[in-house]
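Subject: Structure handover

Hi,

Here is the structure I promised.

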Amino acid sequence: SPSEEVEDASEPTKRDRSHLENTLKLNEEKPADDVSGVLQRLRKIYHSSIKPLEHSYRYNELRQHEITDGEITSKPMVLFLGPWSVGKSSMINYLLGLDNTPYQLYTGAEPTTSEFTVIMHGPKLKTIEGIVMAADSARSFSPLEKFGQNFLEKLIGIEVPHKLLERVTFVDTPGIIENRKQQERGYPFNDVCQWFIDRADLIFVVFDPTKLDVGLELEMLFRQLKGRESQIRIILNKADSLATQELMRVYGALFWSLAPLINVTEPPRVYVSSFWPHDYHPETHRDLFLKEEISLLEDLNQVIENRMENKIAFIRQHAIRVRIHALLVDRYLQTYKDKMTFFSDGELVFRDIVEDPDRFFIFKSILAKTNVSKFDLPNREAYKDFFGINPITSFKLLSQQCSYMGGCFLEKIEKAITRELPDLLGSIGLGKKPNVLSCDVTGCGETPKNRYRKP
């Protein structure tokens, strides 16, 4: 490895870090924009308008995704994925300047990271056991308990007092080792990866010139990344270990192996550089590598700056799914009530409906009656499982989910989707501190353009 070659020299030269500090605005003294007011309003909308419907129709059992307060207030998350020993941990050490400190992540030529390591902000350097992280409901990691004790032993948190971590959390993952069976890990590796993928704001998939072969585990991983293409950035690391011609060949080979795995209209963004503190090898493309690195840092900065917009959009997307689920369960229940007579066997009647919902126009009627996109409809099979656990008779019709004081569940979630969340998004768009300037009070003059609201 390159580090061994330089051992003979007195000390490898370190690269200048000023571009890191400038691009990520680490030296700016101004307080980060105050988002607590927006978060407060977001939590309120979630608890009063979305959660009641979510609970009443047990949405969590369909999607296994309950939003905790920790998740609403959590920082953006950057996930590092890729084969073993491609430099994921070194890259995190480099971005945070942890090299040669007692807290640098362990790196080496053999597969070194066997844990999921969460690097987050804290007043002083310390390590937190996975079991403790999962038990603390204020953190957004409590849902990880469902993967069992074996997994929690492979989860570790490191708190570092670093300015960047005040605004973002990094997650380092065990490298993908192709010729190894899932069982050997002792916990559901793919499910855990999926959990992190679903919550990541940016996903760095790291490769190096010696590990471009795509095997089953990597293929599986890309299948899990479907639908998250806009969050993915591919990194060809250790690029200064190659001469120009070789680098071009490797770059081509990387695209060749990834092409069948990523079916999007435009190619994914690939960054080519060497993400570690040592100086680039002489006779390599220093300028190119530095520019690529700055582009990557700008990407990271963008995610930090847009974190509130992303959070509101995420909650709104969640609300849309909860609403569709409620409409579907309501429709199944209505159909069941219509088909039931005094003499029918409820069990058989309902089995008929679940086996062939299309015969009763359940999904079609939802599309016809409400502004639901067919791409947002859940899969029919999922409802067989769902009703296998939750008998249809345990639900109430939507029309009965109203109270004199609280109004109707459905109306409240619709108001959140069409008015409250877009308004909250608009209040950020004004570039003012939302908790200082409330649009309800001042009227705000011209309303900002909003990509979520229909004209």
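Two strands count as paired if DSSP finds at least two bridges between them. Keep in mind that this is a predicted model.

Start with the sheet. It is open and has eight strands, in the order S3-S4-S2-S5-S1-S6-S7-S8, with mixed pairing. Strand S3 (126–129) and strand S8 (270–272) stand at the edges. Each has a single partner strand, so one side of each is left without a neighbour in the sheet. Neighbouring strands are turned by 20° against each other on average, direction ignored.

Now S5, residues 169–172. Strand S1 (residues 77–81) pairs with S5 in the parallel sense, over four bridges. Val 78 has Phe 170 as its bridge partner in S5. Strand S2 (residues 116–121) runs antiparallel to S5, and three bridges join the two.

Tyr 271 in S8 is the bridge partner of Ile 235.

Two helices to look at:

- Helix H6 (residues 88–96) lies across S1, S2, S5, strand S6 (202–207) and S7, and runs at about 160° to S5.
- Helix H12 (residues 286–305) lies across S1, S5, S6, S7 and S8, and runs at about 135° to S8.

Best regards

Note on methods:
Residues are numbered from 1 along each chain as its sequence is written. This is a predicted model: local features need pLDDT of at least 70, side-chain atom pairs count only at pLDDT 80 or more; totals for chains, interfaces and linings use all residues. Side-chain values use heavy atoms; hydrogens and water are left out. Axes are lines fitted to C-alpha atoms, for helices over the stretch in contact, and angles run from 0 to 180 degrees between N-to-C directions. Contact means heavy atoms within 4.5 Å.
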